[in-house]
Amino acid sequence: MYRDEGVVLRTTPLAEADRIITVLTRRTGRVRAVAKGVRKTSSRFGSRLEPGTYVDLMLHSGRSLDTVTQADIIAPYGAEISADYARYTAAAVMLETAERLTSEERQPALRLFLLLIGGLRTLAAGERPPPLVLDAFLLRSLAVSGYGMALDDCARCGEPGQHPSLSVAGGGVVCAQCRPHGAASVSAGAVRLLTDLLRGDWDGALRSDTRARREAGGIVAAYLQWHLERGLRALPYLERA
């Protein structure tokens with residue numbers, strides 16, 4: 001038996017009344033566990049194990065899957081977020097990204113866990129635009145996972161300065177001499193917004209205009225999927241109005 005707190009990333013039906021839940025925990029990392037009987041109306045903790053919920057769990061270790069024996073809600077982020085479509089779709093992308101970035105089970109990922117908690121808490125509060133909250137989470141999550149985007153210096157030669165091109169495959173902005181085939185032109189406003197989101201400068205990020213936000217959002221989505229080497233199921237449903 002062991003105890004840990006975590007965020008429910010995904011649930012999958014199992015048999016007639018059970019579910020397999022995928023959880024990103026604080027100390028253990030990503031864990032898959034069976035929650036028995038949670039699909040029954042009489043279940044003791046079925047509603048506590050929905051995606052986006054921050055829970056305190058008691059689990060029993062198993063060979064391939066652990067078993068949930070107790071679940072208590074710490075914060076019902078999922079329930080608060082689901083009332084708004086823009087926040088709900090942003091949270092869905094966050095949860096799927098967190099699962100993809102933890103490729104191995106039981107490998108602690110504390111920094112990613114804390115970023116996820118912070119992102120869901122901010123979405124639930126509803127005080128900042130969901131697309132900006134999502135892009136900030138994605139940029140920082142990629143950075144702590146070893147895929148940081150170069151925004152201040154050329155990603156290839158390291159030359160400082162404002163560069164008008166960005167290469168997703170190259171790792172960020174590139175100077176004119178290093179610009180590879182397929183690099184895209186990028187506006188100074190979009191680069192400034194990406195930099196503000198990565199550094200957590202919300203005053204600067206909130207001053208950005210709609211055009212810069214849309215451009216930055218497209219860059220982040222392309223960069224994320226390039227490094228994950230596959231698309232995200234939730235991304236096409238994302239609302240970026």
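Q: Which residues does the UniProt annotation "domain: DNA replication/recombination mediator RecO N-terminal" cover?
A: According to the unreviewed UniProt entry, this annotation covers residues 2–77. The model shown here is predicted. In it, the span of residues 2–77 is 1% helix and 58% strand, and its end C-alpha atoms lie 24 Å apart.

Q: Why is the aromatic pair of tyrosine 54 and tyrosine 77 called stacked?
A: Rings pair if their centres lie within 6.5 Å, and planes under 30 degrees apart count as stacked. The centres of tyrosine 54 and tyrosine 77 are 6.4 Å apart, with 10 degrees between the planes.

Q: What makes the pair of tyrosine 54 and phenylalanine 113 edge-to-face?
A: Planes over 60 degrees apart count as edge-to-face. Here the angle between the planes is 65 degrees, at 6.1 Å centre to centre; therefore the pair is edge-to-face. This pair links strand S4 with helix H3 (residues 110–125), as tyrosine 54 and phenylalanine 113 are 59 residues apart.

Q: Why does tyrosine 54 count as buried?
A: Buried means under 20% relative accessible area. Tyrosine 54 has 8% relative accessibility, so it counts as buried.

Q: Why does phenylalanine 113 count as buried?
A: The relative accessibility of phenylalanine 113 is 0%, which is under the 20% limit, so this residue counts as buried.

Q: Which residues form one aromatic cluster?
A: The cluster consists of Tyr54, Tyr77 and Phe113.

Conventions. Residues numbered from 1 in each chain as written. Predicted model: local features only at pLDDT ≥ 70, side-chain atom pairs only at ≥ 80, totals over all residues. Heavy atoms only, no water. UniProt positions renumbered as here; feature names shortened; annotations may be inferred. Helix = DSSP H or I, 4+ residues; strand = E, 2+ residues; numbered from the N terminus. Phe/Tyr/Trp six-rings, centres within 6.5 Å; stacked < 30°, edge-to-face > 60°. Buried < 20%, exposed > 50% of the residue type's maximum accessible area, 1.4 Å probe, protein only.
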